[in-house]
Amino acid sequence: MIRWLSLCSLYLLLAACEQDEPKPADFYACPAELGEQVSDHPLAAPLQAFLEETVAAGVPGMMLTVHDPATGRWSGAAGKAELIGNVPLRPCQLTRVGSTVKTFTAVALLQLWERGSIDLDAPITDFLSPEVLDGLANAKRATVRQLLQHSSGINNYIRSNRFQTASLNDLTKIWKPDELLAYSRGVDADFPPGTDVNYSNTGYILLGLIIESVTGEPFYRYFEREIFVPFGLTATCFAAEDPIPTGLIRGYVDFYANGQLIGATDYSGWDYYTADGGLLSNSYDLNRFMELLFTGRILGPEALAHMIELRYPEAEDPEGFRTGYGLGIFRVDTDLGPAYLHSGDAIGYFATMVHFPERGITISWAANGNYGLLDELTQSKAVMERIFALVLE
């Protein structure tokens, strides 16, 4: 996930003045009704109770989907899609799911590898021009695999104070890739390529450009043609040309950590045209995507083996799960077994998708609120462990 500490603080001081206006009743129609569902799922009652409790604690809305090969799939939701209009949230509705797109980006590159269109260990200079890579430390030595695994050492533009200030000065600006890459040009690399891992959105911007270089089309069009449509992800799309589509639920932030929520739906324009964020979906589609991926229906066994080959950081987070970096995916060691996951933040939104390979169980959830007190309720290690226990124990 992405943290926006100083940027978020500045953004939301201005955002406090925003007044959401209610949308027409039909605005929040679902992009598609949910597919196969088990209405009498054995976990329906405790999971729905968890959602209701989470909303009662202050989260504006939350949706959750679980799939167990033995009991089927269940989706539920609680809270509101829009607070001012008192619109109930449904699990079929559209929300921002942020950096979960990085797993889709990795799948796209691995599909191209399967077809012989790309070598994972080729230098990225084989696909991107000197102009694109100019001034990006390590870019002339990094490989495709290293970008995918966050082991290139290329600086993460999001951490730039200059970028944060520029974003503040134009809250609704829609950024293009080169404008974002500019904030990593001339900045020292984090480490030599292949010697460590450190999350880099800049690397995933470059991966989107590599997809475009190889396929000759916008990366999000490739996603639609080769992933969203063929695998029936009917509620999944990319922001790009329609960043706030009909049906998108409103996003909220708890800047002051006091439960007073501020509307923030319009403030995510830096990832509309880059493969490091910008995905729109719901918990149901994220759940199906992870299930299909880890049951071998999207990638073949060799490509999936590349995806889950792990590297661990030199310095681990003592307060989080032990985490290994794969290609566009992470593996965390939980008390209930290993799990593959990716999470995503956008201002006003959070989502995560998790697969437990030993049990074949997939869990995904999304909330239309973050920061302040909300993060503890939707994305902390403690709440993740609670959700895992509800489903697996």
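Is Arg-386 buried, partly exposed or exposed? Arg-386 is partly exposed, at a relative accessible area of 36%. The model shown in these close-ups is predicted.

**View 1. Glu-53 and Arg-386 form a salt bridge.** Their closest N and O atoms are 2.9 Å apart. The pair ties distant parts of the chain together: Glu-53 sits in helix 2 and Arg-386 in helix 13, 333 residues apart. Glu-53 is partly exposed, with a relative accessible area of 43%. Arg-386 is partly exposed as well, at 36%. Side chains of opposite charge can pair when their charged atoms come close.

**View 2. Helix 13 covers residues 381-392.** At 1.5 Å a residue, its twelve residues should span 16 Å. The end C-alpha atoms are 16 Å apart, which agrees. Val-383, Met-384, Ile-387, Phe-388, Val-391 and Leu-392 are the buried residues to look for in this helix. An α-helix has 3.6 residues a turn, so residues three or four places apart point the same way.

**View 3. Glu-36 and Arg-73 form a salt bridge.** The closest N and O atoms lie 3.0 Å apart. Glu-36 is in the loop between helix 1 (5-15) and helix 2 (44-56), whereas Arg-73 is in strand 2 (residues 72-82). The two are 37 residues apart, and the pair links distant parts of the chain. Glu-36 is partly exposed, with a relative accessible area of 46%. Arg-73 is buried, at 3%; the cut-off for buried is under 20%.

**View 4. Glu-226 and Arg-115 form a salt bridge.** Here the closest N and O atoms are 3.1 Å apart. Glu-226 belongs to helix 9 (residues 219-228). Arg-115 belongs to the loop between helix 3 (101-114) and helix 4 (130-133). The partners are 111 residues apart in the chain. Glu-226 counts as buried at 17% relative accessibility. Arg-115 counts as partly exposed at 46%. Elsewhere, salt bridges that share partners join Glu-36, Arg-73, Glu-291 and Arg-297 into one network. The structure holds 15 salt bridges.

**View 5. Thr-334 is a buried residue of strand 10.** The strand runs over residues 330-334. Thr-334 has a relative accessible area of 13%. A polar atom of the Thr-334 side chain lies 3.0 Å from the backbone nitrogen of Leu-336. The side chain of Thr-334 also reaches the backbone oxygen of Gly-337, at 2.6 Å. Leaving aside residues up to four places away in sequence, Thr-334 touches Phe-321, Phe-356 and Phe-388. Phe-388 is among the buried residues of helix 13.

**View 6. Strand 11 pairs with strand 10 and with strand 12.** Ten of the ten residues of strand 11 (residues 337-346) are buried, so the strand is largely enclosed by the rest of the structure. Strand 10 and strand 11 pair in the antiparallel sense over five bridges. Val-332 has Ala-339 in strand 11 as its bridge partner. A hairpin of two linking residues joins strand 10 to strand 11. On to the next pair. Strand 11 and strand 12 (residues 349-356) are antiparallel, with seven bridges. Ala-346 has Tyr-349 in strand 12 as its bridge partner. Two residues lie between these strands in their hairpin. Gly-348 is in the turn, with a positive phi of about 100°.

**View 7. An open sheet of three strands has the order 4-8-5.** The pairing is antiparallel. Strand 4 (95-98) and strand 5 (237-238) are the edge strands, and each pairs on one side only. Strand 4 pairs with strand 8 (residues 279-281) over three bridges. Thr-95 stands opposite Ser-281 in strand 8.

**View 8. Val-87 is a buried residue of strand 3.** The strand takes in residues 87-88. The relative accessible area of Val-87 is 18%. Beyond residues up to four places away in sequence, Val-87 touches Tyr-28, Gly-79, Lys-80, Ala-81 and Glu-82. The C-alpha atoms of Val-87 and Lys-23 are separated by 9.4 Å. These two residues are 64 residues apart along the chain.

How values were computed: Residues numbered from 1 in each chain as written. Predicted model: local features only at pLDDT ≥ 70, side-chain atom pairs only at ≥ 80, totals over all residues. Heavy atoms only, no water. Helix = DSSP H or I, 4+ residues; strand = E, 2+ residues; numbered from the N terminus. Buried < 20%, exposed > 50% of the residue type's maximum accessible area, 1.4 Å probe, protein only. Polar contact = N/O pair within 3.5 Å; in protein donor to acceptor, adjacent residues only side chain to side chain. Contact = heavy atoms within 4.5 Å. Expected span 1.5 Å × (residues − 1). Salt bridge = Lys/Arg side-chain N within 4 Å of Asp/Glu carboxyl O. Pairing = 2+ DSSP bridges.
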